[in-house]
Amino acid sequence: MKKYDLVIIGAGPAGLAAGLYAGRARLNTLIIEKQKNGGQIVITSEIENYPGCLDEETGPSLIDRMVKQTEKFGVDHVFDTVTDVELEGEEKVIKCLNGEYNAKAVIIAAGAHPVPIGCPGERELSGKGVSYCATCDAAFFEDFEVYVVGGGDSAVEEAMYLTKFARKVTIIHRRDELRAAKSIQEKAFANPKMNFMWDSVVEEIKGDGLVESMIVKNVKTGELTEIKADEEDGTFGIFVFIGFKPNSDLFDGKVQMDERKYIITDDDMKTDIPGVFAAGDIRKKSLRQVVTAAADGAIAAVQAGKYIEEHE
Ligand code: NAP
């Protein structure tokens with residue numbers, strides 16, 4: 001079993017920022033990542049809203065530099081899947097498929113994931129017209145047509161936000177009534193740029209490198225309609241908001257969470273377990289963005305350092 005001062009679970013912006021701060025504080029640190037560094041940000045092809053990022057910046061290019069920065073300060077990285085954690089007590093144990101690690105402190109930065117539609121073409125065209133984040137991608141659809149899938153608060157609020165950019169926004173909802181709060185609905189119905197396709201689900205998304213069309217099914221009549229991009233535009237946006245889930249199953253029953261399974265922390269990113277911190281999208285918070293994830297990571301690492309010092 002390898003021993004570390006700090007183990008960080010997740011190599012998205014929160015985990016990498018935590019790694020950078022921990023490395024600079026000379027903590028012996030390991031970052032464990034399940035699949036691919038970067039988390040959700042690597043599905044975003046361009047980044048406009050992280051301070052300092054200009055046109056040429058992409059999710060992967062930003063993450064590459066973040067990873068290099070942590071390596072420069074001696075942080076270890078491993079690709080492995082965490083299967084179990086023992087967080088109580090002074091020695092934390094992190095069990096993975098290919099190894100086991102001990103740590104004095106743990107930062108949980110495992111992120112969250114949007115619930116996908118699950119239809120053909122969705123995954124292939126993700127970041128190429130299919131998006132799960134209006135704040136991230138709305139500006140790329142300035143004056144284009146945009147479709148929003150879902151009928152809850154997120155879908156309707158994000159659709160309203162998209163009307164500031166797109167020339168037309170159409171909500172595709174599987175029922176004939178929105179789930180969103182009435183106050184939000186009222187604003188949406190009053191907005192001249194908003195349109196609604198009721199009783200409809202997206203069956204397939206098509207396109208060669210960019211979204212070009214989609215097949216929508218009316219669930220009451222079974223009728224299939226192909227919605228094609230305007231010829232001049234060549235493409236349109238599909239924003240999916242049918243729920244969002246934190247990657248917190250592993251920690252359920254071990255750290256305090258809210259009813260939606262987001263981990264509850266204080267302002268110092270401390271969970272209810274001493275020596276266990278949470279940072280980024282997995283945490284209960286009001287804005288889930290790269291910039292807030294990075295800030296969480298920095299705070300969590302500094303606090304983890306203090307915790308380790310106090311317990312030595
Ligand atoms: P949500 O409330 O669970 O709504 C999900 C929406 O997606 C529902 O309209 C649902 O349809 C639809 N949906 C689910 N699965 C689908 C599928 N497979 N295909 C097509 N449509 C599907 O999720 P959310 O909007 O992300 O909100 C999550 C929570 O955050 C809620 O408690 C919400 O109140 C809260 N929230 C609050 C605010 C705010 O207060 N300003 C903002 C955002 C979120 P049905 O309606 O038919 O089930």
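**Entry 1: the ligand**

I began with the ligand and found one of its oxygen atoms 3.1 Å from a polar backbone atom of Gly151. I count such a pair as a polar contact when two N or O atoms lie within 3.5 Å; within protein, one must be able to donate a hydrogen and the other to accept it, and residues adjacent in sequence count only if both atoms are side-chain atoms. I note that this is a predicted model, in which local features need pLDDT of at least 70 and side-chain atom pairs count only at pLDDT 80 or more, while totals for chains, interfaces and linings use all residues. Residues are numbered from 1 along each chain as its sequence is written, and side-chain values use heavy atoms, with hydrogens and water left out.

I then looked up side-chain contacts. A polar side-chain atom of Arg179 lies 2.7 Å from a ligand oxygen atom, and an N or O atom in the side chain of Arg174 is 2.9 Å from a ligand oxygen atom. The protein covers 65% of the 900 Å² of accessible area that the ligand has on its own (Shrake-Rupley method, 1.4 Å probe; for residues, only the protein chains shown count as cover).

**Entry 2: the parallel sheet**

I traced an open sheet of 5 strands in the order E8-E15-E9-E10-E11, with parallel pairing. Strands (E, at least two residues) are DSSP runs numbered from the N terminus, and two strands pair if DSSP finds at least two bridges between them. Strand E8 (130–131) and strand E11 (194–197) stand at the edges with a single partner strand each, so one side of each has no neighbour in the sheet. Within the sheet, E9 and strand E15 (residues 237–240) are joined by 4 bridges, and Val146 stands opposite Gly237 in E15.

**Entry 3: two hairpins**

I next examined strand E12 (residues 200–206) and strand E13 (residues 213–218), which pair in the antiparallel sense over 6 bridges. Val202 has Val216 in E13 as its bridge partner. The two strands form a hairpin with 6 residues between them, and Gly209 in the turn has a positive phi of about 90°.

E13 also runs antiparallel to E14, with 5 bridges joining the two; Met214 stands opposite Ile227 in E14. E13 and E14 form a hairpin with 5 residues between them, where Gly222 in the turn has a positive phi of about 80°.
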